Amino acid sequence: MNAIASPNLAQVLDHPGIWRRSADRQPRVRALSTGWTSLDAKLPGGGWPQGALSEILFEHDGLGELDLVMPALAALTQEHRRVIFVAPPYLPYAPALAAAGVDLRFLHEIHAGSTEAAWSMEQCLRSGCCGAVVGWLPDIDYRSLRRLQLAAETGDACAMIFRPATHAEQNSPAALRLKVSNSDEATYVDVLKSRGLLTTTAPLLRMRA
């Protein structure tokens with residue numbers, strides 16, 4: 001009987017399914033550029049993780065939290081990929097969206113109450129027909145967040161949700177968590193969590209004055 005050759009340790013560790021904590025060998029992350037060069041430089045893959053859930057946590061309305069995702073959404077619609085808004089708190093202003101580069105033919109809105117919003121978002125993500133699904137879900141629980149993460153993986157879409165920054169200390173299955181805050185009359189973005197990022201101690205990124 002011929003002996004079966006056993007792989008050595010180096011071969012085992014070199015397998016793509018094995019992750020090693022190494023500064024020069026980070027896990028591969030498929031990503032969509034945020035459109036913000038300084039933010040892309042801080043994120044594995046260089047942008048919003050595809051097929052995953054991202055959370056944007058904001059201190060209060062009007063800090064530019066929607067501006068943060070707008071370049072990526074515009075890029076998707078320009079590629080004729082659908083973008084869905086679920087339960088936005090305010091009526092989206094079409095001229096401003098168009099001025100930001102969004103092709104309005106590929107932008108759709110779903111009006112839903114607090115109990116239906118997460119379900120609606122999950123169905124859109126699972127459909128495989130959307131480039132991104134953006135939801136405003138202030139009171140979503142961990143179980144529902146997990147369902148959205150799995151739905152994003154299934155449909156290979158970018159899932160983005162907006163929540164108050166008061167939820168920043170809570171556990172979340174999201175692949176990416178960003179906090180948008182205001183200080184000294186400027187808007188900053190803090191990377192709280194990012195899958196594939198070995199440390200989240202990077203300084204705040206300034207978006208705008």
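Is Glu55 buried or exposed? Glu55 is buried, with a relative accessible area of 0%. Buried means under 20% relative accessible area, exposed over 50%, and partly exposed in between (1.4 Å probe, protein chains only).

This is a predicted model, in which local features need pLDDT of at least 70, side-chain atom pairs count only at pLDDT 80 or more, and totals for chains, interfaces and linings use all residues. Residues are numbered from 1 along each chain as its sequence is written, and side-chain values use heavy atoms, with hydrogens and water left out.

**Salt bridges**

Side chains of opposite charge can pair when their charged atoms come close. Here a salt bridge is a side-chain nitrogen of Lys or Arg within 4 Å of a carboxyl oxygen of Asp or Glu. The count by this rule is six salt bridges. Among them are these:

| Pair | N to O distance |
|---|---|
| Arg177 and Glu55 | 2.9 Å |
| Arg126 and Glu122 | 3.1 Å |
| Arg147 and Glu122 | 2.8 Å |

Take the pair of Arg177 and Glu55, a salt bridge at 2.9 Å. Arg177 sits in strand β8 (residues 176-183) and Glu55 in strand β3 (residues 52-58), so the pair ties together parts 122 residues apart in sequence. Helices (H or I, at least four residues) and strands (E, at least two) are DSSP runs, numbered from the N terminus. Arg177 is buried, at 5% relative accessibility. Glu55, Arg163 and Arg177 are linked in a network of salt bridges.

Glu122 has salt bridges to Arg126 and to Arg147. Arg147 lies in helix α6 (residues 142-155) and Glu122 in helix α5, so their pair ties together parts 25 residues apart in sequence. Arg126 and Glu122 both belong to helix α5 (residues 114-126), four residues apart, about one turn of the helix. Glu122 is buried, at 5% relative accessible area. Arg126 is partly exposed at 34%, and Arg147 is partly exposed at 36%.

**Helix packing**

α5 and α6 pack at an angle of about 20°, with their axes 7 Å apart. That makes α5 roughly parallel to α6, a label for angles under 35 degrees. Axes are lines fitted to C-alpha atoms, for helices over the stretch in contact, and angles run from 0 to 180 degrees between N-to-C directions.

Contact means heavy atoms within 4.5 Å. Residues of α5 in this contact include Ala118, Met121 and Leu125, and those of α6 include Leu148, Leu150 and Ala151. By class, the contact has seven nonpolar, two polar and three charged residues. Ala, Val, Leu, Ile, Met, Phe, Trp, Tyr, Cys and Pro count as nonpolar, Asp, Glu, Lys and Arg as charged, and the others, Gly among them, as polar.

Note on methods:
Angles under 35 degrees count as roughly parallel, over 145 as roughly antiparallel, 65 to 115 as roughly perpendicular and the rest as oblique.
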